Amino acid sequence: MRRLELLKELLLLIPLGKVTTYSSLASLLGTHPRAVGAMLARNEDLVVYPCHRVVMSDGRLGGYALGKEFKRRLLELEGVKFCGPERVCKESVVDLKELLS
């Protein structure tokens with residue numbers, strides 16, 4: 001349960017208009033990116049803990065409880081830049097490890 005609580009705290013560090021990756025979070029948590037995805041899938045507080053701000057390493061959206069289109073729309077409203085229909089531009093991706101150092 002400790003990892004889940006830490007993950008929630010890390011989600012709160014993702015700046016508005018930016019996203020991070022499953023891989024970046026996994027590195028900080030000492031786990032696999034798919035494990036991060038599984039933990040995010042259990043997030044019941046979508047408004048409090050912005051799991052929509054987590055994408056795949058190549059910029060693709062990945063999953064979201066309310067669907068990919070909804071995830072994309074939320075990100076667009078927050079100012080995240082897209083390079084194509086399903087990829088976030090690199091300029092909108094932040095590595096939390098760098099933010100924390």
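## How H1 and H3 cross

Helices H1 and H3 sit roughly perpendicular to each other, a label that covers angles of 65 to 115 degrees (under 35 degrees counts as roughly parallel, over 145 as roughly antiparallel, and the rest as oblique). Their packing angle is about 85 degrees, and their axes are 11 Å apart. Axes here are lines fitted to C-alpha atoms, for helices over the stretch in contact, with angles running from 0 to 180 degrees between N-to-C directions. Helices (H or I, at least four residues) and strands (E, at least two) are DSSP runs, numbered from the N terminus.

On the H1 side, Arg 3, Leu 4, Leu 7 and Leu 11 make the contact, and on the H3 side it's Val 36, Met 39 and Leu 40; contact means heavy atoms within 4.5 Å. Sorted by class, that gives six nonpolar, no polar and one charged residues. In this scheme Ala, Val, Leu, Ile, Met, Phe, Trp, Tyr, Cys and Pro count as nonpolar, Asp, Glu, Lys and Arg as charged, and the others, Gly among them, as polar.

## Ground rules

You're looking at a predicted model, where local features need pLDDT of at least 70 and side-chain atom pairs count only at pLDDT 80 or more, while totals for chains, interfaces and linings use all residues. Residues are numbered from 1 along each chain as its sequence is written, and side-chain values use heavy atoms, with hydrogens and water left out.

## H2 against H3

H2 is roughly perpendicular to H3 too: the axes cross at roughly 100 degrees and come within 8 Å. From H2, Tyr 22, Ser 23, Leu 25, Ala 26 and Leu 29 meet Pro 33, Val 36, Gly 37, Met 39 and Leu 40 of H3.

Which residues of H2 are buried? They are Tyr 22, Ser 24, Leu 25, Ala 26 and Leu 29, where buried means under 20% relative accessible area, exposed over 50%, and partly exposed in between (1.4 Å probe, protein chains only). Their cover includes H1, S1, H3, strand S2 (54-55), H4 and H5. After H2 comes Gly 30, with a positive phi near 70 degrees.

In soluble globular proteins, nonpolar side chains tend to be buried together. Here, the largest nonpolar core has 17 residues, and those with the most contacts inside it are Leu 7, Leu 11, Leu 25, Val 36, Leu 40 and Val 54. A nonpolar core is a set of buried Ala, Val, Leu, Ile, Met, Phe, Trp, Tyr and Cys residues joined through side-chain atoms within 4.5 Å. Helix H1 (2-11), helix H2 (22-29) and helix H3 (33-41) each supply at least two of its residues.

Take Leu 7: leaving out residues up to four places away in sequence, Leu 7 touches Leu 25, Leu 29, Val 36, Met 39 and Leu 40. There's also a second, separate core of seven residues, with Val 55, Leu 61, Phe 82 and Val 88 among them.

## Cysteines

The structure holds one disulfide, meaning a pair of cysteine sulfur atoms within 2.5 Å. Cys 83 and Cys 89 form it, with their sulfur atoms 1.9 Å apart. The torsion about their S-S bond is about 110 degrees, so the disulfide is right-handed.

Are these cysteines buried or exposed? Cys 83 is partly exposed at 47% relative accessible area, while Cys 89 is buried at 7%. Elsewhere, Cys 51 counts as buried, at 6% relative accessibility.

Leu 96, in helix H5, is buried, with a relative accessible area of 0%. Setting aside residues up to four places away in sequence, Leu 96 touches Leu 10, Leu 13, Ile 14, Thr 20, Ser 24, Leu 25 and Leu 28. Leu 96 and Leu 25 are 71 residues apart along the chain, yet their C-alpha atoms are separated by 7.3 Å.

Ser 92 lies in the loop between helix H4 (68-78) and helix H5 (96-100), and is buried at 2%. Not counting residues up to four places away, Ser 92 touches Gly 17, Lys 18, Val 19, Val 80 and Lys 81. Leu 12, in the loop between H1 and strand S1 (20-21), is partly exposed at 44%. Beyond its neighbours within four places in sequence, Leu 12 contacts Val 48, Tyr 49 and Pro 50.
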